[in-house]
Protein chains: 2
Amino acid sequence: MSKTLAIGPFNDAERAALSDEFSPVFLAKPDELAGLTDDQRAAATAVAYKGHHAFGAAQMDLLPNVGIVANFGVGYDAIDVHAAAARSIKVTNTPDVLNDDVADLAVAMLLMQCREMEQASAWARSGNWKSKGEYRLNRKASGGTVGIVGLGRIGREIADRLAAFKMDIHYFARSEKTTPGWQYHGDPVSLARAVDFLVIALVGGKDTENFVSAEVIEALGPRGVVVNISRGSTVDEAALLDALENGKIAGAGLDVFLNEPAIDDRFYKLDNVVIQPHQGSGTVETRAAMAKLQRDNIAAHHAGKALLTPVN
Amino acid sequence: MSKTLAIGPFNDAERAALSDEFSPVFLAKPDELAGLTDDQRAAATAVAYKGHHAFGAAQMDLLPNVGIVANFGVGYDAIDVHAAAARSIKVTNTPDVLNDDVADLAVAMLLMQCREMEQASAWARSGNWKSKGEYRLNRKASGGTVGIVGLGRIGREIADRLAAFKMDIHYFARSEKTTPGWQYHGDPVSLARAVDFLVIALVGGKDTENFVSAEVIEALGPRGVVVNISRGSTVDEAALLDALENGKIAGAGLDVFLNEPAIDDRFYKLDNVVIQPHQGSGTVETRAAMAKLQRDNIAAHHAGKALLTPVN
């Protein structure tokens, strides 16, 4: 009887590594828990979790002896940490190993939006370059003014990169941080008013829902570009769509959306939005590092050792 | 009779500014010089030049009193500087004001290639994200090893940016430069062998033709990515196409090609190449700054003052 359940869309490499180490029972989704036998559920002491389906009290109550839910990813908003804590279940995530990739994607989306690189590529590939000449002029990115919403570990990586593009860095955080002279704002409207580019690097979850509100988006103004690599929930998406459709802001670069992957079709009709399919951490190197950190947390739990990256 | 000829595809804003300042005669291409009257040609003392058509001895000999050919762009390989010098004609260009934009595009192409961002965008937009799930994993960019071929002003801007992506910076230049510990290579094959990413930031012209040779490309190896924002002529394009088509390198990000805009159609068949239509300096802000610097050089010449950015 396996001590480990692996729940979610693990890829082949991840499944193989989990199998080697734990011979787990694999489930595609949390609702398949109901299909396990009582003995299988009672035998489980650890869950390797991946995905965005909710994993809360109802699921935990099916697993009376689970002591850890080890999440694949830094964002663990799918897991109800309060419900876990109430049941003495530890939750772990995979921080830090993905910071570089997520920051890279944020910077690349901002550059692509300013420089209209997808459109310029299409211009060449469609034959327009040859038949009609140069692609239209677009917008300088370097030297711009950027606001980072949430100067945690990922926000910091983004700011460090954009500083090398000679950007004037502003940020919002719950409290002022030690920085190389970056401008702190205690509220996001003040931040948005001060900058042209707004990069959202908040944690997900209830506390940050719609944090980038209609008022923040309006304060950003018609030259504004929103970049989001956090969670779709951190932005008032209705207000964002309205602003993008009506020129209240200039554009966006978005890796995250509400209701992924069945996102609002209105995004696909906009040519001022760089759209990525939530692939911030989606490199071979980083996903391997995330998978290893998840397994190491589970192994530590089984061995009765200290967890590497607990969140509660 | 106008003292200034403006030759090339100037856009509306550039034409208006040139008209305000110099009331020039506008020509679309150098071969239209033959259509001017002898008096018009004799009256011309300055040429504002834009474009990639050759401007050499034959054109200069039609303009006996021209003392300056002011180029729009940092690369002046279209203009025969030796022929100009032999006729006491000064050549100016527009350096520095475009460094940021060109460096931004180089970095963005490298990130887009590694992270397969155009393909990931198409994956979402085509409905595959919704119907088939995540886009495939791709390649981490940060922390990579990059070689800059030509550590001039633009190469330096690129290196400074990539250093913020925690890249290990190597470079080729004619002589070792003062750097923050970057690794100097005296020959490009040694450089290519040491790195995964090769960014070409050479000047154009005869001296650098095919500088990135088949041997250099082979030394880069199957994980190699070539980024070129200099001139198509600096790379052995036949060798590059062969390497891209046959997996000898991993991919490329190219803003410049031979025979622009009628570039080799084989590039368009490759999905491992990010293609941009020579838009390195193509922002509203930077093109305005370039146009101003070109006009300021011409104004200085007409006023008998020192030129701002002479190249001979």
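According to the UniProt record, an unreviewed entry, residues 42–312 of chain A carry the feature "domain: D-isomer specific 2-hydroxyacid dehydrogenase catalytic". In the predicted model, the chain over residues 42–312 of chain A is 35% helix and 14% strand.

**Arrangement of the two chains**

Two copies of a chain are related by a rotation about an axis and a shift along it. Here, chain A is superposed on chain B by a rotation of 180 degrees with 0.0 Å of shift along the axis, and the RMSD is 0.0 Å. The two copies are therefore related as by a two-fold rotation axis. Within chain A, A:Ala108 has the C-alpha nearest this axis, at 2.8 Å from it.

How do the copies meet? Of the interface residues of chain A, 100% are also interface residues in chain B, so the copies meet through the same surface.

**Aromatic pairs**

A pair of aromatic rings is described by the distance of the centres and the angle of the planes. Over all chains, the structure holds 15 aromatic pairs. Two of them are set out below.

| Pair | Centre to centre | Angle between planes | Description |
|---|---|---|---|
| A:Tyr49 and A:Phe55 | 5.1 Å | 50 degrees | tilted |
| A:Trp129 and B:Phe257 | 5.9 Å | 65 degrees | edge-to-face |

A:Tyr49 counts as buried because its relative accessibility is 0%. A:Phe55, with a relative accessible area of 1%, is buried as well.

The pair of A:Trp129 and B:Phe257 is edge-to-face. A:Trp129 belongs to helix H7 (residues 128–132) of chain A, whereas B:Phe257 is in the loop between strand E11 (251–254) and strand E12 (273–275) of chain B, so this pair joins two chains. Are these residues buried or exposed? Both A:Trp129 and B:Phe257 are buried. Together with B:Phe267, A:Trp129 and B:Phe257 form one aromatic cluster.

**Charges over rings**

Aromatic rings also take part in another kind of arrangement, in which a charged side chain sits over a ring. In chain A, the charged end of A:Lys50 is placed over the ring of A:Phe72, at 4.6 Å from the ring centre. In chain B, B:Arg15 lies over the face of B:Phe26, 4.2 Å from the centre of that ring.

How values were computed
Residues are numbered from 1 along each chain as its sequence is written. Chains are lettered from A and ligands numbered from 1 in the order in which they are written. This is a predicted model: local features need pLDDT of at least 70, side-chain atom pairs count only at pLDDT 80 or more; totals for chains, interfaces and linings use all residues. Side-chain values use heavy atoms; hydrogens and water are left out. Copies are superposed by least squares on the C-alpha atoms of residues with pLDDT of at least 70 in both. Contact means heavy atoms within 4.5 Å. Rings of Phe, Tyr and Trp (its six-membered ring) pair if their centres lie within 6.5 Å; planes under 30 degrees apart count as stacked, over 60 as edge-to-face and the rest as tilted. Buried means under 20% relative accessible area, exposed over 50%, partly exposed in between (1.4 Å probe, protein chains only). Helices (H or I, at least four residues) and strands (E, at least two) are DSSP runs, numbered from the N terminus. A charge sits over a ring if NZ of Lys or CZ of Arg is within 6 Å of the ring centre and within 35 degrees of the ring normal. UniProt positions are given in the numbering used here, feature names are shortened, and annotations may be inferred rather than shown by experiment.
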